[in-house]
Amino acid sequence: MSSKKKTILKVIILGDSGVGKTSLMQQFVNRKFSQQYKATIGADFLTKELVIDNKNVTIQLWDTAGQERFQSLGVAFYRGADCCVLVYDVTNNKSYDNVVSWKDEFLVQANIKNPETFPFILIGNKIDVEENKRQINNKKAQQLCAQLGNIPYFETSAKEAVNIDQAFDVVARNALQQEESLDFGDDYTDAINIHLDGESSTCGC
Amino acid sequence: MSDRPVSASNAESLFQLYRDKSPEKPGIESKRKTVDLNGRDRYGFKISASFVDQEKYNTWWDQYSRYLIRRKLKWVKLMNKNGFEADEDSMPTKFPTRSEELKRYVRKGIPAEWRGNAWFYFCKGPERLSKNKGLYDNLCAKMDTLDEVNLEAIEKDLHRTFPDNIHFNDYSGEESLMIGSLRRVLRCYALYNPEIGYCQSLNFIAGQLLIFMDEEKTFWMLVIIHEKLLVDVHTMNLEGVSVHQGVLLLCFRQYLPLTWSVMREHDTINDDFLVNIPSLGICTTSWFMSLFIGILPVETVLRIWDCLFYEDSKSIFRISLGIFKLMEPQFVKTPEDELYHLIQSFPRTILNPNDLLDVCYRKLNSISHLKQQEIQLCKQYVINYRAKYKNLKHEDNNLLSNQERLKLLQEGIQEFGKPRVLKGLRWNSRLNKQIRKLRVESEHDI
């Protein structure tokens, strides 16, 4: 079925409020930066066409609200995701500490079948700030990545367009791999297990 | 007496620059020209930051501002007819009693410089204020005692509210008065209503109110909005958001069957769409949470707010349906993966408020038949349904026997199948099949 369709990769960007999710997405898709982004409510979407190994793909980026309570809407946002980008602000300890809970929350809400293999990427944003304002160093972040299952790590500046394309190239590749592995496994992984759906009931005998 | 600095009434000072008023000398359109304040609209928003280009904006504005002047004159006449002294320069604080005629006038737009007073008046703000004298000042006095999480969240959003509006920009290193007002209002509201505290999107609502009224009135408007229009929408679990989306989906099915069938066709909507709100349905989250700010062009949002504050919560749904109605021709031929983008980008193109309001309120249009009672019944149904399902799910969904599931389904139908509730709207067609199947299975169980 999906071989006829064009390949759409759904990517979710998560992280605390104000770490620069919108800026990263805007820099990657529209090549622009503004100090003046408004707070994101619910979710915003942007798409970009990419060529990966001679294959045309559309990457669909979902930018989400960072305030914790918006996680209760997560199921609807995360459904069918092919990759999840976790973002923290290198000048903000707390946003780093929360990375793990963003990941866990995503896995629970998106109802991911194989959490061990699902592609995550960690991004430490705002590396353009002066060194003395930095609270999280590269080594510490690398340790976290190892702990989270050796996920790729990038340090970026959405403001100065540092490392953006490199990061999203890996995002797209890993998302594509995930998408293809799902096709191959012929699993229809709709996140929700529906109580109304007769088929899914295992007759309780 | 009060900790907050005294600032001029916002509406007064902001609108000195521009009023919906006839030109001083016939033939010279001096007033209309003043609207372009270095590429900003009359509220201080950058036009270039809006969703249309300047030229298109100017062409539209040239027409629309004439409409506004005509409407203003009609309002003055209406006021005089009802025994209120008013002319083009006055700022009335009281308005005629509610009537069909007044409703028509409101739907055609309240004069911009009267808006703050009119919204407050129609929402019964003056009564709340006089019954609670000093409450806001007391809250202001202890606003620093708000918990760290809320304080921080508010601080993060102050400059991310209207960065494209001149009144929210700090100048020469000094914080703008608006930012200060916004901070106080949000802190006070968070203290006043700990169930909500601070929720992102309140900044937009409060910010836009502050352009039209002072901060104490803005505070009371927030209180009233949550009682009247956005019940539970901003609470910790955002349950009200899901409920509103569920009601909107039911409205689609009833009033926009074509849009609904496209949604179904794309298989984004499952049978349990009221419990697990589908992704397409959730795209409209911010419409409700921020009352259309940032979704539609500024003048269009303001016209919607005129209706919202004069009428009741059905307006939110009528407007949402209206947007989808305008979008429908494009919606039905857009591929699934581009639907999200369409839902996000299309509303921004509705520059002329009358295009949208005509669809929502014109008698011939089915959307205008959507009544408040229907919305209330529908909302109650969605609330009950979600509560019931979530409880069961909480215990353990897999332990739910077929009999229990059957009961759940049947109760759903009974509650919802009342003939007068959203006529023609029934649980989806596949349901009967499922009930039959479950019935057979549950008989096996026994």
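**Close-up 1. Ile13(A) and its counterpart in β4(A).** In this predicted model, Ile13(A) sits opposite Val85(A), a residue of β4(A). The strands meeting here are β1 (residues 7-15) and β4 (residues 83-89) of chain A, which run parallel and are joined by five bridges. Strands (E, at least two residues) and helices (H or I, at least four residues) are DSSP runs numbered from the N terminus, and two strands pair if DSSP finds at least two bridges between them.

**Close-up 2. The open sheet of chain A.** Follow the six strands across in the order β2-β3-β1-β4-β5-β6 and you will find mixed pairing. The edges belong to β2 (43-52) and β6 (153-155) of chain A; each has a single partner strand, so one side of each has no neighbour in the sheet. On average, neighbouring strands of this sheet are turned by 25° against each other, ignoring direction.

**Close-up 3. Helices on the sheet of chain A.** Helix α1 (residues 21-30) of chain A lies across β1, β2, β3 (55-64), β4 and β5 (120-125) of chain A, at about 35° to β2(A). Helix α4 (residues 99-110) of chain A packs on the sheet too, touching β1, β4 and β5 of chain A, and its direction makes about 160° with that of β4(A). Contact here means heavy atoms within 4.5 Å; angles run from 0 to 180 degrees between N-to-C directions, with axes fitted to C-alpha atoms, for helices over the stretch in contact.

**Close-up 4. Cysteines of chain B.** For Cys140(B), the nearest cysteine sulfur is that of Cys188(B), 3.7 Å away. For Cys251(B), it is that of Cys378(B), 5.4 Å away. Cys140(B) is buried, with a relative accessible area of 3%, and Cys251(B) is buried as well, at 1%; buried means under 20% relative accessible area (1.4 Å probe, protein chains only).

**Close-up 5. Two packed helices of chain B.** Helix α10 (residues 202-212) and helix α16 (residues 298-310) of chain B pack at about 90°, with axes 13 Å apart. That makes α10(B) roughly perpendicular to α16(B), a label for angles of 65 to 115 degrees. Ile205(B), Gln208(B), Leu209(B) and Phe212(B) of α10(B) meet Val301(B), Leu302(B), Trp305(B) and Phe309(B) of α16(B).

**Notes.** Residues are numbered from 1 along each chain as its sequence is written, and chains are lettered from A in the order in which they are written. Local features need pLDDT of at least 70 and side-chain atom pairs 80 or more, while side-chain values use heavy atoms, leaving out hydrogens and water.

Notes
Disulfide = S-S within 2.5 Å. Buried < 20%, exposed > 50% of the residue type's maximum accessible area, 1.4 Å probe, protein only. Parallel < 35°, antiparallel > 145°, perpendicular 65-115°, else oblique.
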